[in-house]
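Have the viewer open and follow along.

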Amino acid sequence: MTACPVNGCTATVNHGHLMCRRHWRRVPKAIQARVWETWRTVSRMARDRAIPARAFGEARTLHGIATREAIDAVEAKEKDESHER
Ligand SMILES: [Zn+2]
């Protein structure tokens with residue numbers, strides 16, 4: 001288990017998940033879908049030795065971008081709320 005990547009969150013994350021359940025639920029659906037889609041591509045390519053290293057690297061980059069967007073989206077929401085308090 002690893003720690004949730006969202007700033008200030010101390011929850012642990014189950015294997016195979018990006019962030020804790022509470023935070024994952026706050027990720028906009030479109031970004032959630034992109035995270036899963038890019039992850040599926042990466043794991044499919046990881047099993048296929050015929051995939052060129054460059055294509056695999058690009059798929060991993062796209063997954064990294066989607067992951068970053070998911071974290072940023074949640075952190076932006078949390079930040080808005082802390083201003084309201
Ligand atoms: Zn969290």
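Start at Met-19. Once you set aside the residues within four places in sequence, Met-19 is in contact with Cys-4, Pro-5, Val-6, Val-13, Trp-24 and Ile-71. Keep in mind as you click around that this is a predicted model.

Several of those names come back when you look for the largest nonpolar core. That core has 10 residues: Cys-4, Val-6, Leu-18, Met-19, Val-27, Val-35, Ala-66, Ala-70, Ile-71 and Val-74. Helix 3, covering residues 53-84, puts in four residues, the most of any contributor to this core. As background, nonpolar side chains in soluble globular proteins tend to be buried together.

Now hop over to Ala-66, another member of the core, which sits in helix 3. Why does Ala-66 count as buried? Because it has 21 C-beta neighbours inside 10 Å, and the cut-off for being buried is 20 or more. Leaving out residues up to four places away in sequence, Ala-66 touches Ile-31, Arg-34, Val-35 and Thr-38. Gln-32 is 34 residues away from Ala-66 along the chain, yet their C-alpha atoms are separated by 8.2 Å.

Zoom out and you'll find three helices and two strands, running β-β-α-α-α from the N terminus on. Along the principal axes, the C-alpha atoms fill a box of roughly 55 × 25 × 15 Å. Of the 85 residues in the chain, 15% are buried. And if you take the contacts between residues at least 6 apart in sequence, 44% of them join residues at least 24 apart.

Definitions and conventions: Residues are numbered from 1 along each chain as its sequence is written. This is a predicted model: local features need pLDDT of at least 70, side-chain atom pairs count only at pLDDT 80 or more; totals for chains, interfaces and linings use all residues. A nonpolar core is a set of buried Ala, Val, Leu, Ile, Met, Phe, Trp, Tyr and Cys residues joined through C-beta atoms within 7 Å. A residue is buried if 20 or more other C-beta atoms lie within 10 Å of its own, exposed if 12 or fewer, and partly exposed in between; C-beta atoms are placed from the backbone. Two residues are in contact if their C-beta atoms, placed from the backbone, lie within 7 Å.
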